[in-house]
Amino acid sequence: MTRDLRKILVANRGEIALRIMRTIREMGRASVAVYSDVDIAMPFVSYADEAYALGGNDARQTYLDIDKIVSIAKKAKVDAIHPGYGFLSENEEFALAVERAGIVFIGPGHAAIRSMGDKTEARKLVAQSGVPIVPGTSDPVADVQAAVKVASQIGYPLIIKAAAGGGGKGMRLVSERGQLDSSLRGAQSEALSAFGDGRVFIEKYVSNPRHIEFQILADGSGNVIHLFERECSIQRRHQKVIEETPSVLLDDKLREEMGSAAVNAAKACGYVNAGTVEFIMGGDGKFYFLEMNTRLQVEHAVTEMTVGLDLVREQINIAEGRAVDLRQVDVKRKGHAIECRIYAEDVYNDFLPVTGKLKLVRPPFGNWVRVDSGVETGSEISVFYDPMIAKLVVLDTTRDLAIRKMIRALSEFVILGVETTIPFCKFVMESDAFIRGDYSTHFVEESWNGRGAQMAGGKRNGLEVAAILAASELSRNPDETGRQGGTVTKRSTWLDGRFDS
């Protein structure tokens, strides 16, 4: 049985809230925003058809407050809630509360979130389906004594991870016994703050790792397909900064093997809706299940650009009870896409987040250049939330051309008021290691060292000059500013929901 979801609340903020609302509008539906006090002037609030204040600024008082969000959803008489990513998107209690309120949760059911959103439970399930997993614990580790026992069994180095979340939050690399106590406490504290759940588990650290993930779609009739892989190995603080598809690491045989493993992992928990199965691949070429993210991914845009599907539209269609009208053999990919996450961070000071008002935001444009952003000139980057400014995505026919296009787009992206990751992203695009495709998750430590920072520092001056020139131009032509910084997305051409070249 199918039904139309005419009014959808987006339980998130910033660029992902705005991105979801655009698809909702394209589908002829109404969107509802919720917002914190500091977000009242953000573009996603004014873009929504309706907007309701959450009151307060801290995440626990706002975007992590289940009772407030469900209460607003009832008041607004919405048909469904889309959680976006982060915050409550992988929270079983939230999905259950939404379901109990008689509202459709646009994502998997609470049982799938419990089994796959809990990383330890996910490891057990996928191991039973024959998917290889990294050696480690199958249950959360509560204290240092238990952690010491596990470490003695699997050896150092090891990774401590949040059981209820992802995105690098609640994660610590431990190289020796002396780091274990503080790392465990730090991971538990960060996990509790980010996800409201302080449980952590331990895995053996895989040397020279590459991070490969597969996008999957699953409908209520049991049809599960994957939409190929994304490579996400360029990271800092275990959080992705640059993603691309296809991966230069995979040949057709390995791609088919990993894709099948991703589908089996999704089937293991009766998964429905969009999700991502993540793998870690060692220097020996072996791959292991890492985790399953039961939500839309930050980097979903590179998949959309290459396979020609709007994943939010697919999510809504599945939530309405409609089947995924594709078989695996029907899924085709064209071109090469790269995404750079633009954060408000000082890349010359260990990528520390920075805050401040955006005095000017001028995104790049051009064929197959897409900017997903939740800010505009005048927006404030606050201390309360993730400092992402935008996602810059490019598509071209080959990887080499996509890299060149990204370099051009990064050079034209002007942001005044805060430091950003643009210089680092440009450094990566121009580095020999990235161009060769010969890199790992250690890229920052191995390449963005003193020499790398010094090289990028020279380019930084050029970016500042460009920004000053742009600001000067705008001061002469103030009417040109508009609202393009956060509300205009240059996208590809879509025909019937599919990519057409």
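Which handedness does the crossing of α7 and α8 have? Point 3 takes this up, after a few words on the model and the chain.

1. **The model.** This is a predicted model, in which local features need pLDDT of at least 70 and side-chain atom pairs count only at pLDDT 80 or more, while totals for chains, interfaces and linings use all residues. Numbering starts from 1 along each chain as its sequence is written, and side-chain values use heavy atoms, with hydrogens and water left out.

2. **The chain overall.** You will find 17 helices and 24 strands here; helices (H or I, at least four residues) and strands (E, at least two) are DSSP runs, numbered from the N terminus. Of the 501 residues, 58% count as buried, meaning under 20% relative accessible area with a 1.4 Å probe, protein chains only. Among contacts (heavy atoms within 4.5 Å) with a separation of 6 or more, 69% come from residues 24 or more positions apart.

3. **Helices α7 and α8.** To return to the opening: the crossing of α7 and α8 is right-handed, the term for a near helix turned clockwise from the far one by less than a right angle. The axes of α7 (residues 144-154) and α8 (residues 180-195) come within 10 Å and cross at roughly 120 degrees. Axes are lines fitted to C-alpha atoms over the stretch in contact, and angles run from 0 to 180 degrees between N-to-C directions. Val144, Ala147 and Val148 of α7 meet Leu180, Asp181 and Leu184 of α8. By class, that gives five nonpolar residues, no polar and one charged; Ala, Val, Leu, Ile, Met, Phe, Trp, Tyr, Cys and Pro count as nonpolar, Asp, Glu, Lys and Arg as charged, and the others, Gly among them, as polar.

4. **Helices α5 and α6.** For α5 (residues 110-117) and α6 (residues 119-128), the axes come within 5 Å and cross at roughly 90 degrees. The two are therefore roughly perpendicular to each other, a label for angles of 65 to 115 degrees. Arg114, Ser115, Met116 and Gly117 of α5 make the contact with Lys119, Glu121, Ala122, Leu125 and Val126 of α6. Four of these residues are nonpolar, two polar and three charged.

5. **Glu278.** Do have a look at this residue in strand β12 (residues 273-281). Glu278 counts as buried because its relative accessibility is 2%.

Definitions and conventions: Buried < 20%, exposed > 50% of the residue type's maximum accessible area, 1.4 Å probe, protein only. Parallel < 35°, antiparallel > 145°, perpendicular 65-115°, else oblique.
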